[in-house]
Structures are given as C-alpha cells and as structure tokens.
Amino acid sequence: MIKKIIWTFCAAMAVMSVSPCQAGTVTGNDERSGSAVSGGWNDGRIRIVAHRGFWNCEEAGYARNSVAALRCAQEAGVWGSEFDVNMTSDGVILVYHDGSINGKAIDRNPYSEFKDVRLENGEKIPVIDDYLKQALKHPETVLVYELKVHSTPEIEARLVERTAEKLKEYGLYDPAKVVFISFSKFICDKIAAEMPEFICMYLRDDLGPDQLNKDGINGVDYHYSVFGKHPDWLGRIRELGMFLNCWTVNDVKDMQEMIRLGIDCITTDNPLELRQELKTAGVEEEMSF
Ligand code: MG
C-alpha cells in the first residue's frame, strides 16, 4: 500500500519540472528503514544548491540568507536554494544563520528584539513569511530548509511544528518543493517520524549512513571531506538508497573531486563556478528550469 502511494506521488511529480525522486529508484517503507521515501537521486545528474541563496553576487548585495539571494538563485536556475532558520521565543521563524544577534539568543528573546536589524544589503532579517512569498514566485526552485540547533528539544519540536504550519499556510507543504536538513538529530528524527514523505538529510558525520538509515532518516548531507575519511560510506549510501548532498564546496579542486565521485547534490557559495565545472566535466546538471 505504502509502495503504491509513493509511486503515485512520484508519478504525480513526474509531470512537474522538479522532482526530488524523479529518476531515483523509489522503494517503500520496509523493515530495515522507517523512511517512507528512499532510493536517492543517483541518476548520473548533479544538482547545484546555492548555499544561503545565491548571495555571492552584486544583485543580492552579498547578503547571505536574504530574500534577494533566494531570488538570484531562482533566476540562475540552480536546482535548490539553501537557507537557515532560527525561531524567536514568541515563535517567529527568522531566516538567519547564527543563533544570536548582538549577543541576544534568538530562541530566548521575542521578535521585537530583532525586527529592525538589517542585513548587508539593507533588507530586514527575513521572517519565514517573506521568504516563502518569494519562493512562491518560482516554486520550481527547491527550498533546502535548514533547521538550526536550538537550546532545548522542546524548542526544536516547536520549530518543526511551526515549519509545517507555515509551509501549509503558503501551499508549500510539498516534498517536491522542500527538503529538510539539520545538524540536530532530534529534529531529523522528528521530521522522519512526522513528515516521512519529505527528504530529510542529517548534516553531521558523527553518525554513518547505516545508523541513520536504521533510524529512518532517508538522506545525508555531509561535509565533502567525509568521503576521504570514510571511503566506504559512499557505497553504503548507494546500497541503502539514501539521498545524498555535500557541503560547502567552494574550491575548484574540491568541486572536481565531488563531480568525480558523482555526489548527487552539491552545496556551494559559487554556483556559477560549479556549473562551469560540470560543463567542463561533461556531467549533466539538473536545473530548476
Ligand atoms: Mg545552512
């Protein structure tokens, strides 16, 4: 039954321009893994994810996690645009990397403490609503949504709930449009349990693919150096049918190595340079349009 639902889900997405499991072998929920979606991308193509949006250009004013950076990623046609979220004590989700601003912990202070803070390009720090409104202008660009580590599991649980509420409010509660990443195992476990139709990739390499798969987490997003430290992990990721991303690949030599390894999805601050390296290597890029 679950297998049928997953195939129906993929068939529905096949008619859309973007599909997280478009060409992967999709398998159902099985005894080995609690994940409802697996199979990975693993289709020979490589996807570019703009790290904190395509901020590294004049049009975005070099402002990471800005709405302008998301817009530039959308206009560049990269497959995905990554961003970070932290939640205030009164439940407002900020698109912001650090856990504190001017010495004030975001999750211990209300939004009123942060509402006037500006980014490098003059934008106010976006709240999730600002970001999702821009996302709706080009929903074919996949949102790579990073839930940052917060002070307590209770706050992290609330962040996952608020995230689901906000995505539903904007019609973006859709595994074809959003994938999740986190350094928090607690957050990944909660998403795997409560939103198993979504891809969720764990960011820390303290756990290998076997343990994560056993826990029902369907993807890994490792630092690119991990494949040198654990040469057997890539094969296991393939065997287990997990989704695979790596971060943050900015140096040309490292780009070439990740392309050589065939990493399905590569996060970078330099998306246009990575696109050029893919062309040079003769590897097809899965773009968002
Ligand atoms: Mg991030």
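Modeller: Start at Arg 275. Setting aside neighbours within four places in sequence, Arg 275 is in contact with Ile 48, Ala 76, Gly 77, Val 78, Glu 285 and Met 287. Keep in mind that this is a predicted model. Arg 275 sits in helix α10, which covers residues 271-281. Is this arginine buried or exposed? Arg 275 has a relative accessibility of 12%. The cut-off for buried is under 20%, so Arg 275 counts as buried.

Two of those partners lead to other elements. Ala 76 brings in helix α2, residues 67-76.

The largest nonpolar core has 65 residues. Helix α2 gives the most to this core, with 7 residues. Which residues touch the most other members? They are Val 85, Ile 128, Tyr 145, Leu 147, Phe 180, Phe 227 and Ile 266. There is also a second, separate core of 13 residues. Val 142, Met 201, Phe 243 and Cys 265 are among its members.

Tyr 145 is found in strand β6. Its relative accessibility is 1%, so Tyr 145 counts as buried. Beyond four places in sequence, Tyr 145 is in contact with Phe 83, Val 85, Ile 93, Ile 128, Thr 163, Val 178, Val 179, Phe 180 and Ile 181. One of these partners, Thr 163, also makes a polar contact with Tyr 145, side chain to side chain, at 2.8 Å. Val 85 is another partner. Tyr 145 and Val 85 are 60 residues apart in sequence, yet their C-alpha atoms are 7.6 Å apart in space.

Leu 147 is also in strand β6, which spans residues 142-147. Residues up to four places away left out, Leu 147 touches Val 85, Leu 159, Val 160, Thr 163, Phe 180, Ile 181, Ser 182, Phe 183, Ile 187 and Ile 191.

What coordinates the magnesium ion? The donors come from Glu 82 (OE), Asp 84 (OD) and Glu 146 (OE), at 2.0 to 2.1 Å. Along the chain they follow the spacing E-x1-D-x61-E. Asp 84 lies in strand β2, residues 80-87, and Glu 146 lies in strand β6, so the pair ties together parts that are 62 residues apart in sequence. Both Asp 84 and Glu 146 are buried.

Most residues other than glycine have a negative phi. Tyr 62 has a positive phi, near 55°. With 42% relative accessibility, Tyr 62 counts as partly exposed. Asn 102 has a positive phi too, near 50°. The loop that holds Asn 102 runs between β4 (100-101) and β5 (104-105). Asn 102 is exposed, with a relative accessible area of 71%.

Last, the whole chain. The secondary structure comes to 10 helices and 12 strands. Of the 289 residues, 56% are buried. Among contacts between residues at least 6 apart in sequence, 58% join residues at least 24 apart. The protein chain exposes about 11,900 Å², and carbon and sulfur atoms supply 51% of that area.

Technical notes:
Residues numbered from 1 in each chain as written. Predicted model: local features only at pLDDT ≥ 70, side-chain atom pairs only at ≥ 80, totals over all residues. Heavy atoms only, no water. Donors = N, O, S within 2.8 Å, 3.2 Å for Na, K, Ca; no water. Helix = DSSP H or I, 4+ residues; strand = E, 2+ residues; numbered from the N terminus. Buried < 20%, exposed > 50% of the residue type's maximum accessible area, 1.4 Å probe, protein only. Contact = heavy atoms within 4.5 Å. Areas by Shrake-Rupley, 256 points an atom, 1.4 Å probe, with all protein chains shown as cover. Polar contact = N/O pair within 3.5 Å; in protein donor to acceptor, adjacent residues only side chain to side chain. Core = buried A, V, L, I, M, F, W, Y, C linked by side-chain atoms within 4.5 Å.
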